[in-house]
Amino acid sequence: MPILLHDSLRFARSITLRRAANFGKVLASYYMARLTGKPIQWGLPVTISIEPTTACNLRCPECPSGLRAFTRETGHLKTDFFRKTIDTLQRDTTCIIFYFQGEPYLNPAFLDMVEYAKKHRMYTMTSTNGHYLNDTNARRTVESGLDRIIISIDGATQETYEQYRVGGKLEKVLEGAKRLVNWKKKLGKNHPHIVFQFLVLRPNEHEMEEVRRLAHNIGVDELTFKSAQVYDYEHGNPLIPTQSQYARYRQRPDGTWAPKHALSNHCWKLWHACVITWDGLVVPCCFDKDAQHRLGDLKTTSFAQLWQGEAYQNFRKAVLSGRDQVDICTNCTEGCGVTFV
């Protein structure tokens, strides 16, 4: 069976009649909102991103976790809070992404949480820098039932890799990926679907072909080349790649730079997904990295109340009336694709 089909079937198995109906309601309300310009929202999130931790072992230059630049507290997601949240949402929500900021494997209970979500037949994903895939964690990752794991690999040599993944060791990441591949074979499993994700930057774009060879030789299931977000782009940035198809920004006639994509006054992510921080804050999406747009707190408010609450509706209204006026939207990739190879 083709590798991608395995992954698609695992996702399909997570869809119940109730979850399918919820997706239908969310999709219908999204198009109704676009048509009317009103913040109509039916159903509950199809996808939830939940943050295992804000801590990270690396110091990547465009990441607030790596830069230790958060104004919010650093901490680990607690198991009891996680289970309570899942118990509330699992009947309607199909997919849970164990990632927002930080390195998920730094939370000792991370894989226990994956197992709990799988007991509820949810499709599970995570994204990791790959430094903690020792033999024990690699085996436990497969045994947990995790459906998809994205491993960041932004270079084919240590010299190039460490220019962005500051403090990282490429060999450690590659060895961890090999362990995952081997444990899948030993345990006779077709999960997790292992993705190498290459963030295309000017310092590493010359190694894209070599990364293809690495991915093939190790036996990962998929390789993606992703365009990179940078914060200071107006006057150019040494991280913006020279290959325009992998750049989110274009140079204007006056020499300044701007995002290539237009900001239409709608956002599918805002209708079908949301982000929950490790300490229970709900924010619109993954671009609100420091949780500046706090739409509610699950420690004091139920999710259903929050999802239809005044703060959420006002934020949806702001996007529908002028998305280019919402700060976290101006550098957003909604509508700006990832190249799959």
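In the predicted model, Asp147 is buried, with a relative accessible area of 0%. The side chain of Asp147 meets that of Arg10 in a salt bridge, with an N to O distance of 2.5 Å. Because Asp147 lies in the loop between helix H5 (135–144) and strand E4 (148–152) while Arg10 belongs to helix H1 (residues 3–13), this pair ties together parts that are 137 residues apart in sequence. Arg10 is likewise assigned to the buried class, since its relative accessible area is 16% and the limit for that class is under 20%.

The contact between Asp147 and Arg10 belongs to a set of 15 salt bridges in the structure. A further pair is formed by Arg18 and Asp92, whose closest N and O atoms are 3.1 Å apart. Arg18 is located in helix H2 (residues 17–36) and Asp92 in the loop between helix H3 (79–89) and strand E2 (95–98), so that parts 74 residues apart in sequence are tied together. The two partners fall into separate accessibility classes: Arg18 counts as partly exposed at 38% relative accessibility, whereas Asp92 counts as buried at 8%.

A salt bridge also joins the side chains of Asp154 and Arg165, at 2.6 Å from N to O. Asp154 lies in the loop between E4 and helix H6 (158–164), and Arg165 in the loop between H6 and H7; the pair therefore ties together parts that are eleven residues apart in sequence. Asp154 is buried, with a relative accessible area of 1%, and Arg165 counts as buried at 13% relative accessibility.

Most residues other than glycine have a negative phi, and most peptide bonds are trans. Against this background, Arg121 has a positive phi, near 60°, although it is a residue other than glycine. Arg121 is placed in the loop between helix H4 (110–119) and strand E3 (123–128), and at 46% relative accessibility Arg121 counts as partly exposed. Ala291, which is not a glycine either, has a positive phi of about 55°. This residue, Ala291, occurs in the loop between strand E10 (281–283) and strand E11 (296–297); with a relative accessibility of 1%, Ala291 counts as buried.

The peptide bond from His191 to Pro192 is cis, with omega near -5°. Pro192 lies in the loop that runs between helix H7 (170–187) and strand E5 (193–200).

Definitions and conventions. Residues numbered from 1 in each chain as written. Predicted model: local features only at pLDDT ≥ 70, side-chain atom pairs only at ≥ 80, totals over all residues. Heavy atoms only, no water. Helix = DSSP H or I, 4+ residues; strand = E, 2+ residues; numbered from the N terminus. Buried < 20%, exposed > 50% of the residue type's maximum accessible area, 1.4 Å probe, protein only. Salt bridge = Lys/Arg side-chain N within 4 Å of Asp/Glu carboxyl O.
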